[in-house]
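Subject: Structure handover and findings

Dear colleague,

Please find below the structure that I am handing over to you.

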Amino acid sequence: MYQELQKRFEQHLRGVLAAKYDLQLDSIPLEIPPDLKFGELATPIAFELARKLRKAPRIIAQEIVAALAGLEGFAGFEVAGAGYINARLERAEAVRSTAGSISHPSDKSKDVVRVGHPVHSLVEHTSINPNKAAHIGHLRNAILGDTFVRLLRAAGQKVDVQNYIDNTGVQVADVVVGFLHLEQSGVPGVSAEEQHTLAGIKKLMAYLAKEVDKNPSNRENQFDYYCWYLYARVNNWYLALDVIEQDQALVAKCKQIRLDVLHQIEAGNNEFAEIAELVSTAVLQRHLDTMLRLDIEYDFLPRESEILHLKFWEAAFEKLKQKGVLYYENEGKNKGCWVMTRPGAEIAEGDLNEDAKVIVRSNGTVTYVGKDIAYHLWKFGLLGKDFGYKPFFTYPKHECWISAEQGVEAHPQFGGAQAIYNVIDARQSDPQANVIQALRGMGYTDQANRYTHFSYEMVALTPRCAVELGYEVSEEDLKRPYIEVSGRKGFGVKADDLIDKLIAATRAEVDARQTGGAEAEAARPRIAEQIAIGALRYFMLKFTRNSVIAFDFKDALSFEGETGPYIQYAVVRARNIFRKAGTTPEAELAAFAELAGIHAYLEGDAAEDIWALWLRAARRTLVLEQCIATSEPAHLAKHAFQLAQEFNNFYHKHHILTEEDPARKTFLLATAAVALRELVLALSWLGIESPEAM
RNA sequence: GCGCCCGUAGCUCAGCUGGAUAGAGCGACUGGCUACGAACCAGUAGGUCGGGAGUUCGACUCUCUCCGGGCGCACCA
């Protein structure tokens, strides 16, 4: 609603500027005044025009205001300060329009953001190496990505959600090395030799699965947890720390073992590759389970093994050579390689560019960036090749597909998107820039412009948190503001552990409060879960993307103040009003539509807070559009919190059920209904459920 | 050495394309439950927006520089 009025005002203002001064401006600055006493909409345009028109800003503002008069939806315009133009809305009209605004995003008839024609977007997120359990850093990635998907869909876009699986990389190879060379957990009936074979590993997995069945609350037997520790052990082994310290020959031998395993996995069709496939698929399955706890689902899982075996790179290589993006280096340190110029590099014609990015090594193998270029050509439908597809995992409402060399006949279409978003942490901005540069170099300018590296900073641990968890922390690290999580060292907070902790904490809270009364005991586990997930998702979304999160259990386990549960609690309060009143929001909004003379409730000092609540509720689409334009979900998180805050304030000041004037009571109920509707909608876009009680 | 990010209240963070008296949460201190459930509300204290210069009618926001912190700059992924 607000956005509509904003656009209407802007149009009108443009008309006035054209008629009066013969001016065509490409952008009109609009802002939300800092205080309602300045109106609801403002522009400092007169300051900008002062020089051009050689007049004082205040004079210009007065002239414009005189010409603005009489715009539908607006009560009036005035000049304030040194030359601000403030607009006042027709409050009753605005409130009516907001009350009648859609309640479901699938209804595209009215208030949904529509920027140009509907875009087909592809969002890649999560993309955890399938060799260990997910940790809090991965949670930030997945929650940001999933939330952004929800925002794009709310705006009417068709979105494919992809989770890229690097199942043939060094990280998977490292765990395979661990299985092949390090001692495994003793499984009855598996000999010392057998434990290092495919058969032995299968027995170990079956054994672990049985242990998990016996006691699901002990996550240490989960396969991803097992790999978490094994991966850390392997890295120690490479450093030869737990074998023979300082033995260089042994270290070299370890490195060679690792390289051999990696090459065999990449090549495929051998026992090592089979082990890698088994291990990575099992860990991937665990990642999907973990993410599902947070209500995060995927449409497609493209794997590196298929990018290799289906020769995506070979196809891309030809195109890159044709377009001259890659060139063969004849001298210098990159002699014998195919390289590309880095973005922003300025190299004089004929000069040797030693800083160029190597895409094909002198031994003929392709680097990570090369494979990524091929994959991104596919994303935009520019490669001329496609994956095979197999169903992999069935969610309650849809199927998740995985890449395959030979897929099934019938499958959905993936790839060929118009816009892509890659949720990848800020440390990878260089390789991402290289891929964009390659697309641009090939002449795919539109695609390069619609390629968004949705970057975010890491989640680190506060030193206090690290100590709490029992890690050894050096003197030096203790002085730092935060310590980086490291999968290699097994240093970090595992996602499932954190979620378990959160659920336990919310469960204790729910029990202590006797949520829902004595008869509602059966609903409490589910409610505790909803609150825990709400707390976690909000925690990851309240920070803007480029701020490092220094993780601490104290903050993450907080349910008060600017948190998810605070917003959920506002929802529950609103619902309780309707429950106690024996009515529904829909019924009250219908009654409200018939109510006359509502302007009386919106004027005067006492009504300012109620009007402010309506006004914020009306800003839904403005916030949505801003989030998409800036790739920043934190704006919506803030919006939801402020809305909850204003509702709580309203709730406290105006006791609805004891209101004696029936017309005013209807008005107050309608206010609560709109706040409730907007809170539930905003939370759903954040991927947070609204519990019935708490 | 080069590139990117950060530095705002005791702590953790917001601050839309430069715009009106710089905001929130936590923590501290006051006060408010026989109430639509206090996971709440009201109030108080607390800031030379890292330092300096510049652009501008106007700078937390843009430019330069310095200081402090983080992360990248492989024929690793």
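**Conventions**

This is a predicted model, in which local features need pLDDT of at least 70 and side-chain atom pairs count only at pLDDT 80 or more, while totals for chains, interfaces and linings use all residues. Residues are numbered from 1 along each chain as its sequence is written, chains are lettered from A and ligands numbered from 1 in the order in which they are written, and side-chain values use heavy atoms, with hydrogens and water left out.

**The surface near RNA strand B**

RNA strand B is surrounded by 68 residues, where a residue is near a strand if one of its heavy atoms lies within 4 Å of it. The closest of them are R51, Y84, R361, T544 and Y651. Of the atoms of RNA strand B that come within 4 Å of the protein, 66% belong to sugar and phosphate.

- Y566 places a polar side-chain atom 2.4 Å from a phosphate oxygen of RNA strand B.
- L30 uses a backbone N or O atom, which lies 3.0 Å from a base oxygen of RNA strand B.

Two or more residues of this surface come from each of α2 (45-53), β3 (84-89), α18 (495-513), α21 (564-581) and α25 (634-653). Helices here are DSSP runs of H or I with at least four residues, and strands are runs of E with at least two, numbered from the N terminus. The largest share, eight residues, comes from α25. By class, the surface has 29 nonpolar, 18 polar and 21 charged residues; Ala, Val, Leu, Ile, Met, Phe, Trp, Tyr, Cys and Pro count as nonpolar, Asp, Glu, Lys and Arg as charged, and the others, Gly among them, as polar.

**Nonpolar cores**

A nonpolar core is a set of buried Ala, Val, Leu, Ile, Met, Phe, Trp, Tyr and Cys residues joined through side-chain atoms within 4.5 Å. Buried means under 20% relative accessible area, exposed over 50%, and partly exposed in between (1.4 Å probe, protein chains only). The largest core has 140 residues, and I64, L139, Y298, F551 and W614 have the most contacts inside it. Helix α26 (residues 662-685) gives this core its largest share, 14 residues. Residues up to four places away in sequence aside, W614 touches V95, T98, A99, F592, F667, A670, T671 and V674, contact meaning heavy atoms within 4.5 Å. A second, separate core of 40 residues includes A315, V325, I420 and Y444.

**Salt bridges**

The structure holds 44 salt bridges, each a side-chain nitrogen of Lys or Arg within 4 Å of a carboxyl oxygen of Asp or Glu.

In the pair of E63 and K55, the closest N and O atoms are 3.1 Å apart. E63 is partly exposed at 22% relative accessible area, and K55 is partly exposed at 33%.

R153 and D299 form another salt bridge, at 3.4 Å between the closest N and O atoms. This pair links distant parts of the chain, 146 residues apart: R153 is in helix α5 (residues 136-154), and D299 is in the loop between α10 (271-293) and β6 (300-301). R153 is partly exposed at 39%, whereas D299 is buried at 12%.

For D500 and R219 the closest N and O atoms are 2.4 Å apart. D500 lies in helix α18 and R219 in the loop between α7 (198-214) and α8 (223-238), 281 residues apart. A network of salt bridges links R219, D224, R286, R293, D496 and D500.

**Two individual residues**

R545 lies in the loop between α19 (524-541) and β16 (549-551) and counts as buried, at 15% relative accessibility. A polar atom of the R545 side chain is 2.8 Å from the backbone oxygen of S455.

M205 is in helix α7 and is buried, at 17% relative accessibility. Apart from neighbours within four places in sequence, M205 is in contact with F223, L278 and A282.

With kind regards

Definitions and conventions:
Polar contact = N/O pair within 3.5 Å; in protein donor to acceptor, adjacent residues only side chain to side chain.
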